[in-house]
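Biologist: I'd like to learn how to read a structure like this one. Could you walk me through some of its features?

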Amino acid sequence: MENERFLLSMLVNNEAGVLIRISGLFARRGFNIASLSVGETENPEISRMTIVGTGDEYFRDQVVRQLEKLQDVRIVELMDMNDTVTRELFLIKVNAADQTSRSQILEAVNIFRAKVIDLTPVSLTIEITGESGKLGAFIEYLKPYGISELCRTGVTAIGRGNNILGKPKNKEEK
Amino acid sequence: MKLTGAQLLIQILLEQGVDTVFGYPGGAVLSIYDELYKSSDKIRHIITCHEQAAAHAADGYARSTGRTGVVIATSGPGATNLVTGLATAYLDSVPVVAITGNVACPLIGRDSFQEVDTCGVTLPITKHNYIVKDVRRLPDVLREAFRIAAEGRPGPVLVDIPKDLQTAAVEFTPAVESPKKAIVKQPDSDTLAEAAKLIKNSKKPFIYFGGGVITANASAELAAFAEKIGAPMGSSMMGLSAVPNDHPLFLGMTGMHGRFAASKTMACSDLLVAVGVRFSDRATGNKAEFSRNRKVLHIDIDPAEIGKNIPAYIALVGDIKQTLTLLLEEDISHSVTAWHNEVEEIKNMPDSRLGMDMSRLNPQMLLEAVRERTNDDTVVATDVGQHQMWTAQYYSFSKPRTFITSGGLGTMGFGMGSAIGSCIGTGRRTVLVTSDGSFHMNMNELATAVSYNLPLVIMLLDNNALGMVRQWQTMFFENRYSQTTLNRKTDYVKLAEAFGAKALRLTDKKDLSKVLDEAFAQKGPVLVHALIDSDEKVLPMIPPGGTINDIVTKG
């Protein structure tokens, strides 16, 4: 069995202690979390959580089944990576003291469709969203200039088209 | 009507049909105890000597009656003393509701007197837990706690109630339906048909059942199922008492200290029908060998158990009673004469005989003599260690819920509390089989048994050692008896008498009948201090991670 990256989307009760129940379950059962993002949904009683982890088929099945047993977990779904849009947001502070560096960085910002959100004579702060491949490439490009800070929100994900978390899927194609 | 939080708790307990609670008062539950005082005609409170025993008593009450056990403790040390009891109930899936007090809301998080993060501490050992910070939520939370504890795969639920909520007034409306989480689906007809086909095509089916059968009250269905498909049966330790020991198809317990015939027959089977088991490492031994050459049909209510330890060829997830009833309607009966002949051969193998050296007083003799003096409804509780395994091997159970033992957690000290819970719950005699090691852990509860004059017979098997650990040291550590030769100077007879109990000493096998007759003639608590040999072993034994081929049958 091979270790693969997997992505879980969950709807959970928006209550104190829910995060520790979920992260505690991962820790207790020896499951690793690569990224976790969480926020309230349009219904203030419910939060949506996106977890990225790695593991084999046994591990993925166990994660889902154990999570489903938690009282505060309403829905868990192992997302189909080919049918899911994923995004992550980075805030990056990069050194740009000289004119050459600055213009090269600004050029990359344009190409990667990132945005400069703050500026000092010696640094640029950049906001960029995208899927992990693009963000990784952008970070690699910036590294030689010197990244002084990097903040990541963690991956968030949504099903494509009519795939709605918790709703039965319509497999028929018109 | 307006009620305080404490009054409301009493109302919900009554609404849930609770007439008995176990517990220990303290600063953060004073208001609750005040209401218990006023309602003592409706709810009986049993006070133990230590909160741990109160938790075990609630557990023993639940295991022996099938009803949810309730335990109350104060904040801080009261709550932390429940931990072992909750973990024991969690590992064995026993429905228990624990109510703890905590410091008043404004004091939470300030390291106040007797403050502890009870929910944080009990999070991994409860099915669910709550700290209630709004008294208006209290009724729903309490109702939900009882529902969660009992539904599906049962387990302990804790509700932490800060002190100020116990006195805060709230409008109370009697029972309304609380919100429900989706109920476990029954197996669909296609999967049932596949399972039936698998059974029908099997030449050598074997049924391996566990505690889930007892929880689901599915003993009759299990026996009918075994008879219909002609399958021999073996059980996990938690499954013991689900079918009568003398059922012609029952071969005994399997696993580390299981009967040779049961383990051997299981190893020869081509289909394992696993009912209400979770394949603990103590039960399976070597997991790869366990599932080699045989298909597993796994029936359980908890979907997370399917494939967790042993891969299932087909899984039927649902209530065991209902699932077996549905399977019985399928076309599953077939001829297994050849298989039965093979099983008979196994049963007649020399290793299938179980027995001890009868020239001296031994556990087998003791347990068989106890059985002669009990009836089919008598509950037998144990602590943990050799005496527990001997009870599992030599005491013949006839009815479900008559064997109370800590399986998953293996809690030494479980016995006294759980036996007290069983005496209270069933109102009948309970026998506790314990040992010098385990008994010393919670022997203070003799005071509880005496206070309530409980019909409790304590069989204390004294081998002057921590026998099970000693056995491992003999077998795997070249007789280096590190910290297992106890040499305690405790005089158990004087001790029991000091607590106000009757006590008898048994040192010679010729006195066995006389002493046990006297013990079983008592109405109140009685302790029998029986001396056995330090080197008496639990056999057979499949060493950890081993298979039937590694079985040790002789000391």
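**Reading the two chains together**

Modeller: Happy to. Keep in mind that this is a predicted model. Let's begin with one residue: B:Lys308 sits in the loop between strand E13 (295-300) and strand E14 (314-317) of chain B.

Biologist: Is B:Lys308 buried or exposed?

Modeller: A residue counts as buried if 20 or more other C-beta atoms lie within 10 Å of its own. B:Lys308 is buried, because it has 20 other C-beta atoms within 10 Å. Look also at B:Phe279: B:Lys308 and B:Phe279 are 29 residues apart in sequence, and their C-alpha atoms are 8.5 Å apart in space.

Biologist: Let's turn to the place where the chains touch. How many residues of chain A are in contact with chain B?

Modeller: The size of an interface is often given as the accessible area lost when the parts come together. Here we can count residues instead: 10 residues of chain A are in contact with 10 residues of chain B. On the chain A side, helix H1 (18-28) and helix H2 (57-69) each supply at least two residues. The largest share, five residues, comes from H2(A).

Biologist: How do the residues on that side of chain A divide by class?

Modeller: The side of chain A that touches chain B has no nonpolar, five polar and five charged residues.

Biologist: Now the sheet in chain A. In what order do the strands come?

Modeller: Follow the pairing from strand to strand. The order is E2-E3-E1-E4 (chain A), an open sheet of four strands with antiparallel pairing. Strand E2 (35-40) and strand E4 (73-78) of chain A are the edge strands, each pairing on one side only. From one strand to the next, the twist averages 15°.

Biologist: Which residue stands opposite A:Ser37?

Modeller: That is A:Thr50 in E3(A). E2(A) and strand E3 (residues 46-55) of chain A pair in the antiparallel sense over six bridges.

Biologist: How do H3(B) and H5(B) pack?

Modeller: Helix H3 (residues 51-65) and helix H5 (residues 83-91) of chain B pack at an angle of about 25°, with their axes 7 Å apart. That angle makes H3(B) roughly parallel to H5(B). In this pair, B:Gln52, B:Ala55, B:His56 and B:Asp59 in H3(B) meet B:Thr84, B:Gly85, B:Leu86, B:Thr88 and B:Ala89 in H5(B). The residues of this contact divide into three nonpolar, five polar and one charged.

Biologist: What should I look for in the backbone itself?

Modeller: Most residues other than glycine have a negative phi, and most peptide bonds are trans. Here, a cis peptide bond joins B:Leu539 and B:Pro540, with omega about 0°. B:Pro540 is found in the segment after strand E20 (526-531) of chain B.

Biologist: What is the phi of B:Asn217?

Modeller: B:Asn217 is not a glycine, yet its phi is positive, about 50°. It lies in the loop between helix H10 (211-215) and helix H11 (219-229) of chain B. With 15 other C-beta atoms within 10 Å, B:Asn217 is partly exposed. B:Asn464 also has a positive phi, about 60°, and B:Asn464 is in the loop between strand E18 (456-462) and helix H22 (467-476) of chain B.

Biologist: Last one: why is E17(B) largely enclosed?

Modeller: Six of the six residues of strand E17 (residues 430-435) of chain B are buried, so the strand is largely enclosed by the rest of the structure. On one side B:Thr430, B:Leu432 and B:Thr434 are buried, and on the other B:Val431, B:Val433 and B:Ser435. Four bridges join strand E15 (residues 379-382) of chain B to E17(B), running parallel, and six bridges join E17(B) to E18(B), also parallel.

Methods:
Residues numbered from 1 in each chain as written. Chains lettered and ligands numbered in written order. Predicted model: local features only at pLDDT ≥ 70, side-chain atom pairs only at ≥ 80, totals over all residues. Contact = placed C-beta atoms within 7 Å. Nonpolar A, V, L, I, M, F, W, Y, C, P; charged D, E, K, R; others polar. Buried ≥ 20, exposed ≤ 12 C-beta atoms within 10 Å, placed from the backbone. Pairing = 2+ DSSP bridges. Axes fitted to C-alpha atoms, helices over the stretch in contact; angles between N-to-C directions. Parallel < 35°, antiparallel > 145°, perpendicular 65-115°, else oblique.
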